[in-house]
Amino acid sequence: MEVILSSFYTIDLKKGSYFLEAGSLCKEMAFIESGYLRMFDLIDGKEITFWIGSNGKFITSLSSFVFETPNFWNIQAVTDCTLHVIDRDTHSKLCKTQPKWLEFDNILLAHSFALLEQKMLSQLHTTSQQRFNTLFKEHPQLFNHVPLQYIASMLGITPETLSRLRQHSN
């Protein structure tokens with residue numbers, strides 16, 4: 001455990017700062033100790049939020065990190081954040097030398113795919129009210145720390161629709 005923990009370094013990221021910008025090569029993965037980061041893309045001049053990460057979660061551009069390809073996402077601090085970061089080379093060495101890290105990394109990868117699968121199914125098979133209710137039930141603190149336009153975008157709805165859904169849930 002000591003070898004794994006010492007492989008990470010800590011950074012403080014100020015609100016509005018970027019951990020990663022679209023088009024660059026993602027060379028790091030971060031564990032969020034505190035704060036909120038959002039993954040988003042710019043499509044036709046409009047920001048589309050894919051995911052919002054908070055304390056206790058890992059965040060990276062997975063395909064870029066694993067396959068060393070240009071990344072699609074911007075990852076930006078929504079609040080001041082403290083992150084524990086591991087670079088790709090160190091991550092790779094840990095996978096080869098620390099069986100417990102490799103086991104954890106495989107679980108993390110599976111979790112990432114499951115999250116993507118859940119998001120896709122949610123967008124296809126649930127109403128905006130159901131998506132809002134689920135998010136509010138599972139992550140109520142988001143609504144106190146993250147601007148509502150980011151939450152609305154992540155849910156695939158307009159801020160006005162989110163406002164109506166919030167009023168009907170009270």
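## Report on a predicted structure

Y18 stands opposite Q76 in strand β7. The model that shows this placement is predicted; local features need pLDDT of at least 70, side-chain atom pairs count only at pLDDT 80 or more, and totals for chains, interfaces and linings use all residues. Residues are numbered from 1 along each chain as its sequence is written, and side-chain values use heavy atoms, with hydrogens and water left out.

Y18 belongs to strand β2. Helices (H or I, at least four residues) and strands (E, at least two) are DSSP runs, numbered from the N terminus. Strand β2 is joined to strand β7 (residues 74–77) by two bridges, and the two run antiparallel. Two strands are said to pair if DSSP finds at least two bridges between them. Strands of a sheet pair through backbone hydrogen bonds, either parallel or antiparallel.

The open sheet that contains these strands has four of them, in the order β2-β7-β4-β5, with antiparallel pairing. At its edges stand β2 (18–20) and β5 (46–53); each has a single partner strand, so one side of each is left without a neighbour in the sheet. On average, neighbouring strands of this sheet are turned by 35 degrees against each other, direction ignored. Axes here are lines fitted to C-alpha atoms, for helices over the stretch in contact, and angles run from 0 to 180 degrees between N-to-C directions.

### A helix across the sheet

Helix α7 (residues 148–155) lies across β4 (37–43) and β5, and runs at about 90 degrees to β5. Six of the eight residues of α7 are buried, so the helix is largely enclosed by the rest of the structure. A residue is buried under 20% relative accessible area, exposed over 50%, and partly exposed in between (1.4 Å probe, protein chains only). The buried residues of α7 are Y150, I151, A152, S153, M154 and L155. Their cover includes β4, β5, α4, α5 (128–138), α6 (142–145) and α8 (159–169), where contact means heavy atoms within 4.5 Å. Just after α7, G156 takes a positive phi of about 80 degrees.

### Nonpolar cores

A nonpolar core is a set of buried Ala, Val, Leu, Ile, Met, Phe, Trp, Tyr and Cys residues joined through side-chain atoms within 4.5 Å. The largest one has 25 residues, of which F19, L37, I59 and L83 touch the most other members. At least two residues of this core come from each of β2, β3 (28–34), β4, β6 (58–59), β7, β8 (81–87), α3 and α4. Strand β8 gives the most, with four residues. Apart from this core lies another, of 16 residues, among them I52, L135, L142 and M154. M154 is also one of the buried residues of α7.

### Salt bridges

Side chains of opposite charge can pair when their charged atoms come close. A salt bridge is a side-chain nitrogen of Lys or Arg within 4 Å of a carboxyl oxygen of Asp or Glu. A search of the whole structure finds three.

| Salt bridge | Distance, N to O |
|---|---|
| E47 and R38 | 2.6 Å |
| E68 and R88 | 3.7 Å |
| K100 and E103 | 3.8 Å |

E47 is partly exposed, at 36% relative accessible area, whereas R38 is buried, at 1%. R88 is partly exposed, at 21%. K100 and E103 are three residues apart in helix α4 (residues 99–125), and are thus separated by about one helical turn. K100 is exposed, at 60%, and E103 is partly exposed, at 45%.

### Aromatic pairs

A pair of aromatic rings is described by the distance of the centres and the angle of the planes. Rings of Phe, Tyr and Trp (its six-membered ring) pair if their centres lie within 6.5 Å; planes under 30 degrees apart count as stacked, over 60 as edge-to-face and the rest as tilted. The whole structure holds nine such pairs.

One of them, F8 with W101, is edge-to-face, at 5.9 Å centre to centre and 75 degrees between the planes. F8 is in the loop between α1 (2–5) and β1 (9–13) and W101 is in helix α4, 93 residues apart. Both are buried, F8 at 17% relative accessibility and W101 at 4%. Y18 and F40 form a tilted pair, at 6.3 Å centre to centre and 45 degrees between the planes. Y18 is partly exposed, at 35%, while F40 is buried, at 3%. Finally, F8, F31, F58, W101 and F104 form one aromatic cluster.
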